[in-house]
Each structure stands twice: as C-alpha cells, then as structure tokens.
Amino acid sequence: MNAFEMKVGERYQYRGCRYEVTQIRGEHVQLRATEGSKTILRNTLPLLYGAWKSGRLVKVQEAPIQHEPAAVLAGLPKR
C-alpha cells in the first residue's frame, strides 16, 4: 500500500487486535473489534495515519466489493 486511505469494511491489525472500519465521518473513523469483546474505537485519520506510517496499523483485508450484484454476475463467464 503506497497511499493511506481507509474504506468502510476494511479490516486492520491495530494495537494487538483486529478491527473493521464501520464508519468514516470527516476525519473521524470508527473501528469495531472483530474478535473477543467487540470493542469500539473512535480515532481521527491523522492519528491512524501516524500508526500506519510507523507500522502499527496494518491492513489485513480489503473492503467488500461495492458494485451492484447484478453487474458482478453479468461480468462472469457463461457456462
């Protein structure tokens, strides 16, 4: 990853836990733990950028596809 960009649905390893981005509003990001206690964190993009730049925030899963299901199915090869 060359540029820092967060999207809803992406999953990250941060502070020893795995989190999913559940909401982005302006410079505020909400992360929900995907394992254990389901902790919710609210951080700012500048703080998360610093963590990403230093290697403490690592993307482990891309966001789900945001296209219409019919368009995705239409693009699949015919059997």
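Tyr14 stands opposite Leu57 in strand 5. Strands here are DSSP runs of E with at least two residues, helices are runs of H or I with at least four residues, and both are numbered from the N terminus. This is a predicted model, in which local features need pLDDT of at least 70 and side-chain atom pairs count only at pLDDT 80 or more, while totals for chains, interfaces and linings use all residues. Residues are numbered from 1 along each chain as its sequence is written, and side-chain values use heavy atoms, with hydrogens and water left out.

Strand 1 and strand 5 run antiparallel and are joined by 4 bridges. Strand 1 and strand 2 also run antiparallel, again with 4 bridges. Two strands count as paired if DSSP finds at least two bridges between them. In strand 2, Cys17 is the bridge partner of Tyr14, and Tyr19 is that of Tyr12.

The side chains of strand 1 alternate. Buried means under 20% relative accessible area, exposed means over 50%, and partly exposed is in between (1.4 Å probe, protein chains only). In a regular strand, side chains alternate between the two faces of the sheet.

The open sheet has 5 strands in the order 4-3-2-1-5, with antiparallel pairing. Strand 4 and strand 5 stand at the edges. Each has a single partner strand, so one side of each lacks a neighbour in the sheet. On average, neighbouring strands are turned by 40° against each other, direction ignored.

Helix 1 packs on this sheet. The helix touches strand 1, strand 3, strand 4 and strand 5, and its direction makes about 95° with that of strand 4. Axes are lines fitted to C-alpha atoms, for helices over the stretch in contact, and angles run from 0 to 180 degrees between N-to-C directions.

## Helix 1

Helix 1 spans residues 45-53, and its buried residues are Leu48, Ala51 and Trp52. Seen down the helix axis, these buried residues fall within an arc of 100°, so they line one face of helix 1. The arc is that of the directions from the helix axis to the C-beta atoms. An α-helix has 3.6 residues a turn, so residues three or four places apart point the same way.

The buried residues of helix 1 pack against strand 1 (11-14), strand 3 (28-33), strand 4 (40-44) and strand 5 (57-61). Contact means heavy atoms within 4.5 Å. Gly55 follows helix 1 and has a positive phi, near 90°.

## The nonpolar core

The largest nonpolar core has 14 residues. Such a core is a set of buried Ala, Val, Leu, Ile, Met, Phe, Trp, Tyr and Cys residues joined through side-chain atoms within 4.5 Å. Met6, Tyr14, Leu31, Leu48 and Leu57 have the most contacts inside this core. Strand 1, strand 2 (17-25), strand 3 and helix 1 are the elements that give two or more residues to the core.

Leu48 touches Phe4, Met6, Tyr14, Val29, Leu31, Asn43 and Leu57, leaving out residues up to four places away in sequence.

Glu10 sits in the segment before strand 1. Its relative accessible area is 1%, so Glu10 is buried. The Glu10 side chain makes a polar contact with the side chain of Lys59, at 2.9 Å. A polar contact is a pair of N or O atoms within 3.5 Å; within protein, one must be able to donate a hydrogen and the other to accept it, and residues adjacent in sequence count only if both atoms are side-chain atoms.

A polar atom of the Glu10 side chain also lies 2.9 Å from the backbone nitrogen of Lys7. Beyond neighbours within four places in sequence, the contacts of Glu10 include Tyr19, Val21, Lys59 and Gln61.

## Loops and an exposed histidine

Arg15 lies in the loop between strand 1 and strand 2. That hairpin has 2 residues between the strands. Arg15 is not a glycine, yet its phi is positive, about 55°. Arg15 is exposed, with a relative accessible area of 59%.

Lys38 lies in the loop between strand 3 and strand 4. This residue, also not a glycine, has a positive phi of about 60°. Lys38 is partly exposed, at 43% relative accessibility.

His28 is in strand 3. With a relative accessible area of 53%, His28 is exposed. Not counting residues up to four places away in sequence, His28 touches Gln23, Asn43 and Thr44.
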